[in-house]
Amino acid sequence: QVHLVESGGGWAQAGGSLRLSCAASGGAFSSGMMGWFRQTPGKEREFVGVLGWSRGGPSYTTAILADAVLDRFTMSRDSAKNTVNLQMHGLQPEDTAVYYCAATNSRLPVSGARLGRNYDHWGQGTQVTVSS
């Protein structure tokens with residue numbers, strides 16, 4: 001059973017930075033995708049970014065980010081720790097949300113990677129609050 005644990009959430013002032021991490025345990029992702037979604041009360045879950053990688057065949061690591069965060073957020077992976085990170089800079093109050101980590105062993109197309117229903121595993125979420 002894969003278990004995802006997010007960490008690094010908290011409070012930041014507008015313009016500040018936070019780094020979220022998602023650690024996967026209970027399963028080996030020799031290839032797969034780990035993504036970040038966020039949600040605020042009364043709103044639908046929103047895609048933030050996804051990082052996919054493969055060790056079989058052509059090796060690749062690629063990240064896709066939502067337009068709203070493309071110039072402020074970056075994603076990285078620590079394969080040794082089975083962890084994916086979301087580095088957030090230039091935070092704005094509209095970034096306030098609960099951030100969820102999601103993972104799948106599937107190799108999703110770009111359009112599919114943006115949909116939460118295509119992920120098999122989810123973390124419990126971590127709150128990010130940005131004040132103006």
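Gln-127 is part of strand S11 (residues 126-131) in this predicted model. With a relative accessible area of 39%, Gln-127 is partly exposed. Its contacts, leaving aside residues up to four places away in sequence, are Gly-9, Gly-10, Thr-96, Ala-97 and Val-98. One of these, Gly-10, is 117 residues away from Gln-127 along the chain, yet the two C-alpha atoms are separated by 6.1 Å. The side chain of Gln-127 also takes part in polar interactions: it reaches the backbone oxygen of Ala-97 at 3.4 Å, and it makes a polar contact with the side chain of Thr-129, likewise listed at 3.4 Å.

**The loop residue Asp-95**

Asp-95 is placed in the loop between strand S8 (83-88) and strand S9 (97-104). Its relative accessibility is 0%, and Asp-95 therefore counts as buried, the cut-off for that class being under 20%. The side chain of Asp-95 makes a polar contact of 2.7 Å with the side chain of Arg-72. Apart from residues up to four places away in sequence, Asp-95 touches Arg-38, Arg-72, Phe-73, Gly-90, Val-128 and Val-130.

**The aromatic cluster**

A pair of aromatic rings is described by the distance of the centres and the angle of the planes. The structure holds four aromatic pairs.

| Pair | Centre to centre | Angle between planes | Geometry |
|---|---|---|---|
| Phe-37 and Phe-47 | 5.7 Å | 70° | edge-to-face |
| Phe-37 and Tyr-119 | 5.4 Å | 80° | edge-to-face |

Phe-37 lies in strand S4 (residues 31-39) and Phe-47 in strand S5 (residues 46-54), so their pair ties together parts that are ten residues apart in sequence. The pair of Phe-37 with Tyr-119 links distant parts of the chain, 82 residues apart: Phe-37 is in strand S4, whereas Tyr-119 is in the loop between helix H1 (110-113) and strand S10 (121-122). Ring pairs join Phe-37, Phe-47, Tyr-119 and Trp-122 into a cluster.

Are the members of these two pairs buried or exposed? Phe-37 and Phe-47 are both buried. For Phe-37 the relative accessibility is 1%, which means that this residue counts as buried. Tyr-119 is buried as well, with a relative accessible area of 5%. A charged group is also found at this site: the charged end of Arg-45 sits over the ring of Phe-37, 5.9 Å from the ring centre.

**The four-stranded sheet**

Four strands form an open sheet with antiparallel pairing, in the order S1-S3-S8-S7. Strand S1 (3-7) and S7 stand at the edges with a single partner strand each, so one side of each has no neighbour in the sheet. Neighbouring strands of this sheet are turned by 15° against each other on average, direction ignored. At one end of the order, S1 and strand S3 (residues 18-25) pair in the antiparallel sense over five bridges. Leu-4 stands opposite Ala-24 in S3.

Cys-22 lies in strand S3. What is the relative accessible area of Cys-22? The value is 0%, and Cys-22 is therefore buried. Its contacts beyond residues up to four places away in sequence are Leu-4, Val-5, Glu-6, Met-34, Trp-36, Asn-82, Thr-83, Val-84 and Cys-101. Among them, Leu-4 is the residue that stands opposite Ala-24.

Asn-82, one of the residues touched by Cys-22, lies in the loop between strand S7 (73-78) and S8. Asn-82 has a positive phi of about 55°, although it is not a glycine. Its relative accessibility is 15%, and Asn-82 therefore counts as buried, since the class covers values under 20%.

Terms used: Residues numbered from 1 in each chain as written. Heavy atoms only, no water. Helix = DSSP H or I, 4+ residues; strand = E, 2+ residues; numbered from the N terminus. Buried < 20%, exposed > 50% of the residue type's maximum accessible area, 1.4 Å probe, protein only. Polar contact = N/O pair within 3.5 Å; in protein donor to acceptor, adjacent residues only side chain to side chain. Contact = heavy atoms within 4.5 Å. Phe/Tyr/Trp six-rings, centres within 6.5 Å; stacked < 30°, edge-to-face > 60°. Lys NZ or Arg CZ within 6 Å of the ring centre and 35° of its normal. Pairing = 2+ DSSP bridges. Axes fitted to C-alpha atoms, helices over the stretch in contact; angles between N-to-C directions.
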